[in-house]
Amino acid sequence: MKELLRTNDPTVIAFATALLNGEGIDWFELDVNMSILDGSLGILPRRIMVRDADLFMARAVMRDNDIDTGS
């Protein structure tokens with residue numbers, strides 16, 4: 001799996017995962033429990049991971065919807 005997105009903004013996570021679901025792209029969210037341990041302050045970012053084969057399409061979907069993936 002490859003990292004698609006890293007953010008501590010829960011609205012970006014929700015929007016990005018909804019877009020990925022709409023395109024049929026499987027994703028997995030990492031660091032959810034770590035962000036809970038920081039007291040829900042949003043200090044630690046969460047990551048959205050996608051399969052290697054889906055990375056190009058997932059980045060295109062994010063770019064088309066003005067979500068910065070850092071790549």
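Biologist: Is Arg 46 buried or exposed in this model, and what is its relative accessible area?
Modeller: The model is a predicted one, and in it Arg 46 is found in strand 3, which spans residues 46–50. Because buried means under 20% relative accessible area, Arg 46 counts as buried, its own relative accessible area being 17%.

Biologist: Which residue's side chain does the side chain of Arg 46 join in a polar contact?
Modeller: Arg 46, buried as it is, has a side chain that takes part in a polar contact of 3.0 Å. The side chain at the other end of that contact belongs to Glu 29.

Biologist: Where does Met 34 lie, and how is its accessibility classed?
Modeller: Met 34 lies in helix 2, which covers residues 32–37.

Biologist: What pattern does the protein follow along the sequence?
Modeller: The secondary structure comes to 3 helices and 3 strands. Read along the sequence, these elements follow the pattern β-α-β-α-β-α.

Biologist: Among contacts between residues at least 6 apart in sequence, what percentage join residues at least 24 apart?
Modeller: The protein has 71 residues, of which 34% count as buried. Among its contacts between residues at least 6 apart in sequence, the share that joins residues at least 24 apart is 66%.

Key. Residues numbered from 1 in each chain as written. Predicted model: local features only at pLDDT ≥ 70, side-chain atom pairs only at ≥ 80, totals over all residues. Heavy atoms only, no water. Helix = DSSP H or I, 4+ residues; strand = E, 2+ residues; numbered from the N terminus. Buried < 20%, exposed > 50% of the residue type's maximum accessible area, 1.4 Å probe, protein only. Polar contact = N/O pair within 3.5 Å; in protein donor to acceptor, adjacent residues only side chain to side chain. Contact = heavy atoms within 4.5 Å.
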